[in-house]
Amino acid sequence: MSITVSRDRNHRYSVVTSGEALSPAGPLRTVLEDCAGELLVVVDEAIWPGRGARIQALLSGTPHRILTLAGGERNKNLDAVLRVVAAMDEVRVLRRSSPVLAIGGGVLCDLVGFAASIYRRGVPYVRVPTTLLAQVDVSAAIKTGIDHNGFRNRLGAFWPAALTVVDHGFLATQSVEQISQGLGEVFKLGLIASEELFGRLARLSGDWTPEWFATDPAAAELMNLALEVMVGELSEDLWEQDLARRVDFGHSFSPLIELRTGLHHGHAVALDCLLSASIAAGRGLLAVDALPEIAAVMRRCALPVRHPGFADVDLLWETLTEVTRHRDGAQHLPVPIDLGKHAFLEDLTRAELAAAVARLRQVV
Ligand SMILES: NC(=O)c1ccc[n+]([C@@H]2O[C@H](COP(=O)([O-])OP(=O)(O)OC[C@H]3O[C@@H](n4cnc5c(N)ncnc54)[C@H](O)[C@@H]3O)[C@@H](O)[C@H]2O)c1
Ligand SMILES: [Zn+2]
């Protein structure tokens, strides 16, 4: 006998921008009101000192338990997931009506989302991302995961947060470097998918501050545009059926460099974009003159334009080989061919890669 079953599943999730994420009358109100039983709230250690009192005030009418966890890539591991799972057991999370609330950076959101995806084979969760990177990028996606066995995001699941509340006010406590890490993903998106977004980055004032990102309407417009473009890119193919994805721009050479050198994800993504642009220039798909112009926009975003990992051709090639496995055996290497436009390369050679590294040394 042979029986085949095929069913589609409808997924619905919302991303809301609000300056009132921690206000009792804000967008989390219905989550708190509807929560049956005890609410588990997982909070990034970095934001607890400044926001703990407001979080406690927000939760004052709701039975809850708070677990604080450290952010940072080195804490994105199975141990942290198991701590969340233990806390979920303690509060006796229900299958549908007591969503876990995650308040923190991309690492915390990814690992709480992963815990929610595997707990009872999937329970709901809600996110309040608190870094620029998490607000403009993680928020748009349905991906969760942790690093494992020497690889980034080796374990994970597609599991949408029912609600994501983006409050730019959190960004005031980030450092310039952390803001620039988030701008790395915005820069990627602008260069490959949106000339308008790229133009806004090029026009950033040279002395922007985290406070500006937290409070200025022009900064909010920039971040909202980035989020919109990102949602537009991802929502057509949430489960990544098509493995040739232009949003993978910047994610072809960066993964192992991040893990081996400790370079932050957003900075590695931006450097990968610059290298990919140099590869495109080597093929005549992009003018060589565009490279210093692209690097100038990176400097405006306080992004690095050089790093030893991106001069190490062996490591770059090893990463591309591993990423090719992730793309089911094809390179599908996205490269920019003009502002907001792209092509995929399938046959990059090691010699071309070495030439691209050398070209950057000369022109940037
Ligand atoms: N799920 C997705 O689709 C997706 C997309 C892009 C990136 N990511 C993941 O996101 C992670 C990077 O996210 P990140 O840059 O937010 O890193 P992170 O979560 O490690 O945050 C960076 C640091 O800032 C701290 N922090 C958090 N909020 C803060 C605030 N408001 N003020 C001051 N400090 C604060 C954190 O504790 C941490 O030390 C990577 O692991 C990456 O894989 C996931
Ligand atoms: Zn990324």
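Which atom of ligand 1 is 3.0 Å from a polar backbone atom of Phe170? In this predicted model, a nitrogen atom of ligand 1 lies at that distance from Phe170.

| Residue | Part of the residue | Atom of ligand 1 | Distance |
|---|---|---|---|
| Asp44 | N or O atom in the side chain | oxygen | 2.6 Å |
| Thr130 | polar side-chain atom | nitrogen | 2.8 Å |
| Phe170 | polar backbone atom | nitrogen | 3.0 Å |

Taken alone, ligand 1 exposes 860 Å², and the protein buries 89% of that area. The elements that contribute two or more residues to the shell around the ligand are helix H4 (106–118), strand S7 (151–158) and helix H6 (176–193). Helix H4 supplies the largest share of this shell, namely three residues.

There are 26 residues around ligand 1, and those that come nearest are Asp44, Gly72, Glu73, Thr131 and Arg152.

The domain assignment of the chain gives domain 1 (14–172) and domain 2 (176–363). The C-alpha centres of domain 1 and domain 2 lie 27 Å apart. Their contact takes 23 residues from domain 1 and 31 residues from domain 2.

The size of an interface is often given as the accessible area lost when the parts come together. Between domain 1 and domain 2, the buried area is about 2200 Å², and carbon and sulfur atoms give 70% of it. On the side of domain 1, Leu132, Val136 and Arg152 lose the most area to domain 2; together they account for 27% of what that side buries. Arg152 is also one of the residues that come nearest to ligand 1.

Note on methods. Residues numbered from 1 in each chain as written. Chains lettered and ligands numbered in written order. Predicted model: local features only at pLDDT ≥ 70, side-chain atom pairs only at ≥ 80, totals over all residues. Heavy atoms only, no water. Near = heavy atom within 4 Å. Polar contact = N/O pair within 3.5 Å; in protein donor to acceptor, adjacent residues only side chain to side chain. Areas by Shrake-Rupley, 256 points an atom, 1.4 Å probe, with all protein chains shown as cover. Helix = DSSP H or I, 4+ residues; strand = E, 2+ residues; numbered from the N terminus. Domains from an automatic or database assignment. Contact = heavy atoms within 4.5 Å. Buried area = accessible area lost by both parts, 1.4 Å probe.
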